[in-house]
Amino acid sequence: MTSYKELGLVNTREMFKKAVAGGYAIPAFNFNTMEQMQAIVQAAVETKSPVIMQVSKGARNYANGTILRYMAQGAVEYAKELGCPEPQIALHLDHGDSFEICKECIDNGFSSVMFDGSHLPYEENIAITKQVVEYAHKYDVTVEAELGVLAGVEDEVSAAESHYTKPEEVIDFSTRSGCDSLAISIGTSHGAYKFTPEQCTRDPKTGKLVPPPLAFDILHQIEEKLPGFPIVLHGSSSVPQDEVDTINAYGGKLPDAVGIPEEQLREASKSAVCKINIDSDSRLAMTAAIRKYLAENPSHFDPRQYLKPARENMKKMYIHKIVNVLGSNDKL
Ligand code: G3H
Ligand code: 13P
Ligand code: ZN
């Protein structure tokens, strides 16, 4: 058993309490590589922001869970080296799909886990979330649960709406499961294609797609039912058009990629939404920089040459999110 406390990590309890009270959200950035980790830590230190570094099942398969855990420990030491004496870094399991994977992460230094039972029948979701909570709380690890299903891009708007979190269920679910935070479905979704062109309108001036608004009415109803309870938004990348344009200009093919407008995330951050998950924007920032660099420098083949601008571009994006969207800067 390795406790996250030995690694200098923190759980999400205090972070969320302060974020809800202060009207801002904590960034939850996925990471798979050293360059992402470095960019996240540099951005968090420079902006004095708490941060959640999160690891998906895919990341564990790609990079190995043990390596990622040591990278998170390294992140804490790196933050101190960069001049932040008491970094607030949580290591979180993203979309854990079984009690066993949550337990394994808790036993191996994670300070927070998500059990994602959103696709399960309601009672089963409660039962497994509760099992995870009971185990996690013995070690002061915090647990995120999910209620309501995030839309897939293939979903019709009407089908997507039927998957939204039902406000009438949130009190029963959070009380009986004992979860510390709740991910909800109000119209966000994973990936770089959050809406089909048919679900959007087009800006007549730019021709760019304008997505439909998030269901703030549902968010507000949930807040009324659970005052002050930490709410999480998955699928919150904005899919910056300049990065998409760069990728497409240098040989990529991402037609009609579209994300959640930043104004809406800014608004959500001021509410009980206190954790905002961003992965795709980091992938886009990295890919755009690498494509551009390699196209402009065809004779270069040292990965450090193209990973350096990729890391810088991700850091710029992370800082922008922290300062201009989530408002978690100057909180350390
Ligand atoms: O929620 C999904 C995250 O973007 C992680 O994606 O499973 O491809 O690592 P992944
Ligand atoms: P994006 O694909 O919008 O970045 O969402 C990431 C996420 O929700 C990770 O859990
Ligand atoms: Zn997610």
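Which residues in H2 meet which residues in H4? In this predicted model, Met-34, Met-37, Val-41, Ala-44 and Val-45 on the H2 side meet Met-71, Ala-75, Tyr-78 and Ala-79 on the H4 side.

**Contact of H2 with H4**
- The residues that form the contact of H2 with H4 divide into 9 nonpolar, no polar and no charged.
- Helix H2, which covers residues 34-47, packs with helix H4, which covers residues 65-81, at an angle of about 35 degrees, and their axes are 10 Å apart.
- The crossing that H2 and H4 make is right-handed.

- Around ligand 1 stand Asn-30, Ser-56, Lys-57, Gly-58, Ala-59, Asp-94, His-95, His-190 and Asp-279.
- By class, the shell around ligand 1 comprises 1 nonpolar, 5 polar and 3 charged residues.
- At least two residues of this shell come from each of helix H3 (57-63) and strand E3 (89-96), and H3 gives the most, with 3 residues.

**Setting of Met-317**
- Met-317 lies in helix H13, which spans residues 303-326.
- Met-317 counts as buried because 24 other C-beta atoms lie within 10 Å, where the cut-off for a buried residue is 20 or more.
- Leaving aside residues up to four places away in sequence, Met-317 touches Asp-281, Ser-282 and Ala-285.
- Although Met-317 and Pro-240 are 77 residues apart along the chain, their C-alpha atoms are separated by 9.4 Å.

Definitions and conventions:
Residues are numbered from 1 along each chain as its sequence is written. Chains are lettered from A and ligands numbered from 1 in the order in which they are written. This is a predicted model: local features need pLDDT of at least 70, side-chain atom pairs count only at pLDDT 80 or more; totals for chains, interfaces and linings use all residues. A residue is near a molecule or strand if its C-beta atom, placed from the backbone, lies within 6 Å of it. Helices (H or I, at least four residues) and strands (E, at least two) are DSSP runs, numbered from the N terminus. Ala, Val, Leu, Ile, Met, Phe, Trp, Tyr, Cys and Pro count as nonpolar, Asp, Glu, Lys and Arg as charged, and the others, Gly among them, as polar. A residue is buried if 20 or more other C-beta atoms lie within 10 Å of its own, exposed if 12 or fewer, and partly exposed in between; C-beta atoms are placed from the backbone. Two residues are in contact if their C-beta atoms, placed from the backbone, lie within 7 Å. Axes are lines fitted to C-alpha atoms, for helices over the stretch in contact, and angles run from 0 to 180 degrees between N-to-C directions. A crossing is left-handed if the near helix is turned anticlockwise from the far one by less than a right angle, and right-handed if clockwise.
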